[in-house]
Amino acid sequence: MSLEQPEVAQKSFTEQAKSANSDVPPNASTPNEPAGKENTKLPTKQKSWRATRRGEPAKVLKLAEDTPVPAKLKKGEVLVKVQAAALNPVGYKIMGVLPGFVLRRVQAVEHDLSGVVVDGNGTEFKEDDEVFGWIPVNQSLSTGQGALAQYTRLPAANLARRPPNISATQAAGFCLAGLTAYQALVDIGRIQEGQWVFVNGGSTAVGSFAIMIAKALGARVGTSASGRNEQYVRDLGADEFFDYTKAPLHEQLAAACPEAKYDVFLEAVGFIEPTLFVKSAAYLTPRGTFVSVGPQSTSLGEYIRFAWNVILRPSVLGGTKRKWRLVLVEPVQEDLKVFAKMIEEGKVHPLVDSVFAFEDALKAYERLLTKRATGKIVVKVDPAAE
């Protein structure tokens, strides 16, 4: 299995679909969204990429030209004119899983964005502030908002001011993958200066951000990728490199570690195969934490096997005596602000694989689906954006 494709865990699509009120039109207020401030200075219609039914992006996405521009903001929300949006695997996975009646409620697909505040609505943001942020899956399903649109509304807590040393297209790809890496290492892994971190899948978006964040916090980093990406991950700051194509990774790690040395192991690929955790006592310290972005599979049997070997199997029956944790990325503004500070200080830098015009979003998805991108795939919503 390739390690080049990032996967990000959020709450299950089914749970999030249930939270969406499918009986309410996309441009109406839902029961949990009381009518708020109305902006009358904007156009009433906009362009956005919308999913028309369940399926592959090339078959189900349509560039709509009559999507309503959000006219009302509830307390704590801001209105943003989108400059650029970044694609994520979770985007096309949602299109392949959720039923059409749920997908059609969402006015625009995707979650990561950068833009300019049009209406700060009494929050910490004011008009013309340059920002970057994201709309989590559950919020997208409940509000109908998304990133691949000319305008979108979202909670102010999901935004941070764009550091002056990065452009709008660079900023668009930071949040979902970057916050996943940050929360995995800091909030769950509790990494400390001088500790060792291993990142499985260092060339994925989550893995790449994890390497930079770990180095920024003073940790030493080992990582895996295919041989062709060795220089890429070393340039990010990796101290050790393992080519997963040469031999099973757990065997390479055990051979390279006379005694367990890693304090945090971040599995950034989404492996359903549990071997890396099952064998982790050879390379993960007794108090170390194995953090996963979430196992990915279409097989129920594989999930059952994973759950038994990783979560349920007691140590007396051969279970692994190490902690396994799942990172479910959350919109924590303080985390986003710290992350933005790292970007401003140059400790974390942009990861842009390619940039596509708004009208060419389907080509952007083609690139994403190759699973060979190193960095984020960005769609420039505003052609004037840098």
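Modeller: Strand 11 (residues 220–225) and strand 12 run parallel and are joined by four bridges; two strands pair if DSSP finds at least two bridges between them. Helices (H or I, at least four residues) and strands (E, at least two) are DSSP runs, numbered from the N terminus. This is a predicted model, in which local features need pLDDT of at least 70 and side-chain atom pairs count only at pLDDT 80 or more, while totals for chains, interfaces and linings use all residues. Residues are numbered from 1 along each chain as its sequence is written, and side-chain values use heavy atoms, with hydrogens and water left out.

Within this pair, serine 224 stands opposite phenylalanine 242 of strand 12. Strand 11, helix 9 (residues 230–236) and strand 12 together form a right-handed β-α-β unit. A crossover is right-handed if, with the strands pointing away from the viewer, the path from the first strand over the helix to the second runs clockwise.

In a regular strand the side chains alternate between the two faces of the sheet. In strand 12 (residues 240–243), Glu240 and Phe242 point one way, Phe241 and Asp243 point the other way, and all are buried. Buried means under 20% relative accessible area, exposed over 50%, and partly exposed in between (1.4 Å probe, protein chains only).

Glycine 201 lies in the loop between strand 10 (196–200) and helix 8 (205–216). Its C-alpha is 6.8 Å in space from that of threonine 223, although the two residues are 22 apart in sequence. Glycine 201 counts as buried because its relative accessibility is 0%.
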